[in-house]
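Please keep the sequence and the structure in view while reading.

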Amino acid sequence: MKILVINGPNINMLGIREPGIYGTQNYAALIELVENTAKEAGVEVECFQSNHEGDIVDKIQAAYNVFDGIVINPAAYTHTSVAILDALKAVSIPAIEVHISDVNQRDEFRKISYAGMACIKAFIGLGLNGYKEAILYLKEYLENK
């Protein structure tokens, strides 16, 4: 089983960017958590981060017939990108949406999730642990599909 973990803009700035909202752990800690979770769960994982919408769309498209599931934190593109939504719908790979902060308790515009419209579940406001929950949920979902 292969899972692709995609992170959008500014996730690479974890630990620096608004630590009161996103915490003090850096991007390397996130990758370590994802890789350790995958190893313990017995799944392969690949991590990808980009600040560029088109690169994220390209990565989703390239996942077709390669990955069994996607965990995605589109970050700011969550609220703006129909292109990412369309890419997720095009490949029809089961996807889980993750947000480190509770976007529903923040700015009004953050309550809209285009990418989430193509996802089977969302983990929101659990900090980095949301990624762990998403990977484990996705593994179980794929095994029972």
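A nonpolar core is a set of buried Ala, Val, Leu, Ile, Met, Phe, Trp, Tyr and Cys residues joined through side-chain atoms within 4.5 Å; buried means under 20% relative accessible area, exposed over 50%, and partly exposed in between (1.4 Å probe, protein chains only). The model is predicted: local features need pLDDT of at least 70 and side-chain atom pairs count only at pLDDT 80 or more, while totals for chains, interfaces and linings use all residues. Residues are numbered from 1 along each chain as its sequence is written, and side-chain values use heavy atoms, with hydrogens and water left out.

**Nonpolar cores**

- The largest nonpolar core holds 24 residues, of which Ile11, Leu30, Val71 and Tyr131 touch the most other members.
- Two or more residues of this core come from each of strand 1 (2-7), helix 2 (27-41), strand 4 and helix 5 (129-144); helices (H or I, at least four residues) and strands (E, at least two) are DSSP runs numbered from the N terminus.
- Helix 2 supplies the largest share of this core, 6 residues.
- Leucine 30 is in contact (heavy atoms within 4.5 Å) with Asn7, Ile11, Leu14, Leu128 and Tyr131, not counting residues up to four places away in sequence.
- Another core, of 19 residues, lies apart from the largest one and includes Ile56, Tyr77, Ala87 and Ile93.

- An open sheet is formed by 5 strands in the order 2-1-3-4-5, with parallel pairing; two strands pair if DSSP finds at least two bridges between them.
- Strand 2 (44-49) and strand 5 (121-124) are the edge strands, each pairing on one side only.
- Strand 3 (residues 69-73) pairs with strand 4 (residues 95-99) in the parallel sense over 3 bridges.
- Isoleucine 72 stands opposite glutamate 97 in strand 4.

**Helix packing**

- The axes of helix 3 (residues 53-62) and helix 4 (residues 82-91) come within 9 Å and cross at roughly 5°; axes are lines fitted to C-alpha atoms, for helices over the stretch in contact, and angles run from 0 to 180 degrees between N-to-C directions.

**Valine 103**

- Valine 103 lies in the loop between strand 4 and strand 5 and counts as buried because its relative accessibility is 7%.
- The C-alpha atoms of valine 103 and isoleucine 124 are separated by 7.1 Å, although the two residues are 21 residues apart along the chain.
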